Amino acid sequence: MRTRTLALWLAISAIVLAFAMPNLAVAQNQAAQAQKPANEQVIVPEVDRRDINMPRFPSNDFEVGAFAGTYATQNFGSSVVGGLRLGYHITEDIFVEGVYAQTKVSDEAFRQVLPGGVFAQTKEKLSYYNLSAGYNLLPGEVFIGSKRAKASAIYLIGGVGSTKFNDQRRQTLNVGLGARLFLTDKAALQVDMRDHIFSLDILGKRQSTQNLELTGGFTYFF
């Protein structure tokens, strides 16, 4: 009888231990994990880091160019104009530009009516310089064929400057519209339409004149 009782107690103890051991292992594992820091890195990489010299790419923010076209002086007809430009691109959309140009203006039409004409000579030099600010209104691409595309931009521009004509120097406003087509990252073709607004009193009455200009040119970025 005692032998059977002892065997029964041993069997019950074995069953209890069988159920308790897994729960004890889980509890010990949870306790060990709780003792580890939360930010402890599980795998520590053993990679030798090396210093890398990053390449320096040119910003191409500055531009220099030349242009030529036609300048229509109010009351004196159109003539060939040529000039230089220097610009700086502040952002991808905003830029500033300085321009100097000159042309020869003729009073031949007046000489057919007035014997002495208006000018001391048949042609008078007109020169101007200005400083303008521009905004790229429609940046995009121009497709040449089906596999080639070139970057382009249509921009608004306006500024102030000075015009010297027939020994008179007048403050000048200019407003206009232009288009730029990039042939490469550093070279572009440019077309500009400007209205140069300044006052003159050559014909005996001082009046504000509208002088339209259409030019095309080449620009280099650096």
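## A tour of the strands

Select strand β2 (residues 77–89) and β3: nine bridges join them, and the two run antiparallel. Strands here are DSSP runs (E, at least two residues), numbered from the N terminus, and two strands pair if DSSP finds at least two bridges between them. This is a predicted model in which local features need pLDDT of at least 70, side-chain atom pairs count only at pLDDT 80 or more, and totals for chains, interfaces and linings use all residues. Residues are numbered from 1 along each chain as its sequence is written, and side-chain values use heavy atoms, with hydrogens and water left out.

Next, pick Leu84, whose bridge partner in β3 is Tyr100. The hairpin that joins β2 to β3 passes through four residues.

Now show the side chains of β3 (residues 94–106), which alternate. Phe95, Glu97, Val99, Ala101, Thr103 and Val105 point to one face and are buried (under 20% relative accessible area, 1.4 Å probe, protein chains only).

Move on to β4, which pairs with β3 in the antiparallel sense over 13 bridges. Select Ser106 to find Lys123 of β4 opposite.

Then select β4 (residues 123–144) with β5 (residues 148–165): their antiparallel pairing has 18 bridges. Ile144 has Arg148 in β5 as its bridge partner.

Finally, display every strand. Eight of them form a closed barrel, in the order β1-β2-β3-β4-β5-β6-β7-β8, with antiparallel pairing. From one strand to the next, the twist averages 25° (axes are lines fitted to C-alpha atoms, and angles run from 0 to 180 degrees between N-to-C directions).

Methods
Buried < 20%, exposed > 50% of the residue type's maximum accessible area, 1.4 Å probe, protein only.
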